[in-house]
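Work through the exercises below with the sequence and the structure side by side, and try each task before reading its solution.

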Amino acid sequence: QLNQLTKAHLDFYYRHILGLASLPEVPDQVHLLFSPEVNAGHIYLPAGEVMLAVIPGREEPLKYRLRMDLKVTKTTVAALRTLFTSDRTIFPETVPEYQLIRNRQLYQGNYPVCTPEALLKGSAGAPWPLFGEDEEDLAMEQRSMSDTSIGLLLASPVFYLPEGERTIRLTFRFVASTFTGLSTYIARFAKASQKTVEAVQYELLSRVFLIDITAAGEWYHAESYSVRIPEENCLEVLIELGQGSKPVAGYQAGVHGPELKTLLPVVRLLINPGAPHNGLSFLNDLEIERIHLQSKVCYFRRVKLQNSIGNLAVDSAFQPWGPLPAVGSYLDIKNSNAFNRYTTDVAVRLEWMDLPKDPGGFGAWYAGYDAGITDDSFRVGVGALINGSPQPPCGRQQSFPLYCRNAEDASAG
């Protein structure tokens, strides 16, 4: 009894003098994992359903009751992903106006899905930020997210450019009220950096995109491109593909990724996350009003040739009108990709062999015939073959000189 005196004194002091009382008993709570059998359908468990927990060393199992209704299905978590947008100032915040000039960066997190079996074994994996976090000041080994990008896809038959020196011009026309934000951003940036508006435009837009085009078996990355503002409310992207670039091909879902409802060639424009100034900072609020697509190809040779004698091989020298050309001889040039309703301008250039080397041309070559023959005596008409007949008829076709002396004359006709 003497040994219990100290405890009795403390209990009397705290319970009777101070009036402290013990907390009421709280039922134990546990988290349960349910996994249906292979052939089981949906299983419904109502609130209050008794669950037995076998505890090692205890004869009777503990009884737990469900707090809410539960439906057990075969639904599983396929992926855990999140996006985070970093938003930071570029210039010192001493000037309030400069706080509006910000650089945004988009990050994505793709985290492993933890299975119920792993949770039971205590292997829940490393923790990760539920709504993402800024990665800019973190080392690569500390990052929980990676750089990502957003953009748009454009599909059109005018992108089908299998060879030659190719130029694709994309002209975006924006709603005027949304383009004001871009103009204001550029003006503020120029003022804060003490540069001209033109210099700032080049700095912001020169590397703003990552551009890829569908090619056979892959996305072909277009290295050579430029972006400029040709006029108000307008943005122009000029893509250049040299003769050594891969042929542009139609879209294939199994090759080029997410399934699109098109078989046409596709140009993909993504915001470049590695650019000094992320395009998400100043292009995010633009609303597209319309897009003008234009392609230009030089040195395109993938055509079918035919004259009155038969088919001709474009890869070797040939006589376009046969060995004995006469008035009315013809040369058919066929390619449904080059000659269609999308084509607005065509120039056919022929490189000749064994032309007269005399500076006077054909005039000097045929001077002895006294027939008044000059370079301009050789002319051709151009028409389209419709249902086997040339249109317009031969007598009404536009006439072009067949030979020229220099590139300036050739470009004129």
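**Exercise 1.** Leaving aside neighbours within four places in sequence, find the residues with which Phe-209 is in contact.

Solution. Contact requires heavy atoms within 4.5 Å, and with that cut-off Phe-209 touches Tyr-225, Val-227, Val-237, Leu-269, Leu-270, Ile-271, Asn-272 and Leu-283. This is a predicted model, in which local features need pLDDT of at least 70, side-chain atom pairs count only at pLDDT 80 or more, and totals for chains, interfaces and linings use all residues. Residues are numbered from 1 along each chain as its sequence is written, and side-chain values use heavy atoms, with hydrogens and water left out.

**Exercise 2.** Identify the residues with the most contacts inside the largest nonpolar core.

Solution. Such a core is a set of buried Ala, Val, Leu, Ile, Met, Phe, Trp, Tyr and Cys residues joined through side-chain atoms within 4.5 Å, where buried means under 20% relative accessible area with a 1.4 Å probe, protein chains only. The largest one has 40 residues, and Leu-170, Phe-209 and Ile-239 have the most contacts inside it. The largest share, seven residues, comes from H3, a helix in the sense of a DSSP run (H or I, at least four residues), just as strands are E runs of at least two, numbered from the N terminus.

**Exercise 3.** Decide which side chains of strand E2 (residues 50-53) are buried.

Solution. In a regular strand the side chains alternate between the two faces of the sheet.

Methods: Buried means under 20% relative accessible area, exposed over 50%, partly exposed in between (1.4 Å probe, protein chains only).
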